[in-house]
Amino acid sequence: QIEALIQHKTPADFTLFREQIRATLTAFDSVSTVEVDPEILEAFTEEAAELLVSTDRAIKQWQSEPENPAGPMQLQRDLHTLKGGARLTATMAMADLTHQIETLVLSVTDQQETPDDGFFSLLQRCQDRLTE
């Protein structure tokens, strides 16, 4: 799916892809046995909420101003911070999904491509999944 978007090809139906992501995330969530300090978890929860608002703004800015590097740069910073916090708190499903999104964003920005609507649609779906 991601490769098709990067190559500006029409991706296949997202239904199976979404089911695979959900199954993987559910499996990761059920495996975590790490004890996390409740204060650290609370701090991460607050920070994650702020970062998710910021990532949403960054995606929208990037989509409306594709030539402006501020949107993708902010998105990369937010995703990197979110990924680190999720790993610190053993929220592995979020960490893994955030890593995948970060990799996708980096591949597009590194190739200096102008992303299409399919790319932004995928980002928005991932964003929605992170906020669940």
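Helix 3 buries Phe44, Ala48, Leu51, Leu52, Ser54, Thr55, Asp56, Ala58, Ile59 and Trp62. Buried means under 20% relative accessible area, with a 1.4 Å probe and protein chains only. This is a predicted model: local features need pLDDT of at least 70, side-chain atom pairs count only at pLDDT 80 or more, and totals for chains, interfaces and linings use all residues. Residues are numbered from 1 along each chain as its sequence is written, and side-chain values use heavy atoms, without hydrogens and water.

**Helix 3**
- Helices are DSSP runs (H or I, at least four residues), numbered from the N terminus.
- The cover over the buried residues of helix 3 includes helix 4, helix 5 and helix 6.
- Helix 3 has 27 residues and should span 39 Å at 1.5 Å a residue; its end C-alpha atoms are 39 Å apart, so the two agree. The expected span is 1.5 Å times one less than the number of residues.

**The core**
- The largest nonpolar core has 24 residues. Such a core is a set of buried Ala, Val, Leu, Ile, Met, Phe, Trp, Tyr and Cys residues joined through side-chain atoms within 4.5 Å.
- Helix 3 (38-64), helix 4 (70-88), helix 5 (92-110) and helix 6 (117-131) each supply at least two of its residues.
- Trp62 is among the residues with the most contacts inside this core. Not counting residues up to four places away in sequence, Trp62 touches residues including Leu75, Val105, Phe119 and Leu123. Contact means heavy atoms within 4.5 Å.

**Aspartate 78**
- Aspartate 78 sits in helix 4.
- Beyond four places away in sequence, Aspartate 78 touches Leu51, Ser54 and Thr55.
- Aspartate 78 is buried yet has no salt bridge (a side-chain nitrogen of Lys or Arg within 4 Å of a carboxyl oxygen of Asp or Glu).

Note on methods
Buried means under 20% relative accessible area, exposed over 50%, partly exposed in between (1.4 Å probe, protein chains only). Lys and Arg count as positive and Asp and Glu as negative; His and the chain ends are not counted.
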